Amino acid sequence: MQWYREILKLIDLNKLIPEIKRARDYRLYDCTGRRYIDCYQNNGHAVLGHRTEKLSKTLKNTLSRGLLFDIPSVYERRLIKLLIKIFPAYSTFRIRRSFERVLQDISRLSGRNITAEDITDPVLIPSGGPGSKRYTAAYWRPFTDSTFYKKFKILVPLLPFAAGGSPAVLCFKDRTPDVLPASDTVSPVLLAGVIHVIYRLAHYKIPDWVDLSLPKAFNIWKREGIYLKAECSISEYENVFKRFLADGVIISPCFPGPTIMPGGLSDGERKKIIGLLKGINGK
C-alpha cells in the first residue's frame, strides 16, 4: 500500500482505522470485533479478497521444500510461461523483487526519472487515453478493457498478491529491454504465490450486482467495470472517505481512487454499499 500513488495519497489509514486483527474475503475485523467492508483492496492487490482460496496451501507446500530464500528456481520459468499466455502481445518479461526496481528499469529506458504517477492507470485517466508520448507504460488491472493497452509498449501488472516483499512484473512489446539486466532472483515462495493468484483470476466471478445497480456515472462517481473513480474535489473526497468509514466501509484512501467493488457480499452488505455510493457526496 505504501509504494503506489504517494503524491495523491490523501488519507493516512493508520490514523483512522484501528488495528486489524484478521481479514477474510473482503472483510477486515479490528480488535473489538468491528467489521469493515474493504473496497480499497490494497489498490487492487486484494481484488480476489483476503485469504485467496488455497493460497496458504500453495505457500506452505513451497516453504516445506526449503525454498524460502532468493534462489534460481523453476517458478520463474513457470511464471513467464503464464505471462505469455495472459499478455500475448508482449514478448519480453522481467521479474523484479520490488516496485522500485520496476521504476528504475522504466527510467533507464525513458532516459528520465519515472515515478509511480507517470505510469498510466486505465481507471483514472479520461476515456480514450493520454495523447502525450510521456505515457509509454500503463498499469494492467484485471477485468478492464483489453483494447486500452494496445498503445502501450510497457505493462506493469497489478497482480492480486500483496505479501511483504511481493515481486513486480514488467511486460514489453519488443526486445528493447535487452539492455536491462535479467530478471531478479526472487524467493520461490513468492513466485509460487504470484502464479497461484494468476490462476485464481481465471475463476473469479465479477459481481453481477455492480452492472445491475450502478450506472456508468452517478453522484460523484465514474465507473469502469468494478472500479470507481471519484469526480469531486480533493477536499470533498476526504469527507466522503470519513463518512464511508463511519458506516464500516473502506474506500480508496487515494484521490481519485480507484475504489473497487467487492464480490461475495451478502444482500445487506450490497444494499449498504449501493446506498452509500448513491447517497454520500462531498458536500
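Guide: Let's start at Leu 277. Leaving aside residues up to four places away in sequence, Leu 277 touches Leu 214, Phe 218, Asn 219, Trp 221, Leu 228, Phe 244 and Met 261. Keep in mind that this is a predicted model.

Leu 277 belongs to the largest nonpolar core, a set of 71 residues. Leu 277 is also among the residues with the most contacts inside that core, along with Trp 221, Phe 244, Met 261 and Ile 273. As for who supplies it, helix H5 (residues 188-201) gives the most, with eight residues.

Trp 221 has Ala 230 in S10 as its bridge partner. The strands involved are S9 (residues 221-224) and S10 (residues 227-230), which pair in the antiparallel sense over four bridges. They belong to an open sheet of four strands, ordered S8-S9-S10-S12 with antiparallel pairing. At its edges are strand S8 (217-218) and strand S12 (259-260), each pairing on one side only.

On the way into S12, have a look at the loop that comes from strand S11 (249-250), where Pro 256 lies. A cis peptide bond joins Phe 255 and Pro 256, with omega at about 10°. Pro 258 lies in the loop between S11 and S12 as well, and here a cis peptide bond joins Gly 257 and Pro 258, again with omega of about 10°.

The structure holds seven aromatic pairs. One of them is Phe 87 with Trp 140, an edge-to-face pair at 5.1 Å centre to centre and 90° between the planes. That pair links distant parts of the chain: Phe 87 is in the loop between helix H3 (74-86) and strand S4 (92-96), while Trp 140 is in strand S5 (residues 137-140), 53 residues apart. Both Phe 87 and Trp 140 are buried.

Phe 99 pairs with Tyr 139, and this time the rings are stacked, 6.4 Å centre to centre with 25° between the planes. Phe 99 sits in helix H4 (residues 99-110) and Tyr 139 in strand S5, so their pair ties together parts that are 40 residues apart in sequence. Phe 99 and Tyr 139 are buried as well.

Next, S4 itself. Five of its five residues are buried. In a regular strand, side chains alternate between the two faces of the sheet. Check both faces of S4 and you'll find them covered: Thr 92, Arg 94 and Arg 96 are buried on one side, Phe 93 and Ile 95 on the other. S4 pairs with strand S7 (residues 168-172) in the antiparallel sense over five bridges, and Phe 93 stands opposite Cys 171 in S7.

Past S5, the loop towards strand S6 (154-157) holds Phe 143. Phi of Phe 143 is near 70°, a positive value in a residue other than glycine. Phe 143 is partly exposed, with a relative accessible area of 26%. Further on, ring pairs link Phe 148, Tyr 149 and Phe 152 into a cluster. Phe 148 also has a charged neighbour: Lys 151 lies over the face of its ring, 4.8 Å from the ring centre.

For a last stop, go to strand S1 (20-24) and strand S2 (27-30), with Asp 25 in the loop between them. Asp 25 is another non-glycine residue with a positive phi, near 55°. Asp 25 is partly exposed, and its relative accessible area is 33%. A charge-over-ring contact turns up here as well: the charged end of Arg 22 sits over the ring of Tyr 29, 4.1 Å from its centre.

Technical notes: Residues numbered from 1 in each chain as written. Predicted model: local features only at pLDDT ≥ 70, side-chain atom pairs only at ≥ 80, totals over all residues. Heavy atoms only, no water. Phe/Tyr/Trp six-rings, centres within 6.5 Å; stacked < 30°, edge-to-face > 60°. Helix = DSSP H or I, 4+ residues; strand = E, 2+ residues; numbered from the N terminus. Buried < 20%, exposed > 50% of the residue type's maximum accessible area, 1.4 Å probe, protein only. Lys NZ or Arg CZ within 6 Å of the ring centre and 35° of its normal. Pairing = 2+ DSSP bridges. Core = buried A, V, L, I, M, F, W, Y, C linked by side-chain atoms within 4.5 Å. Contact = heavy atoms within 4.5 Å.
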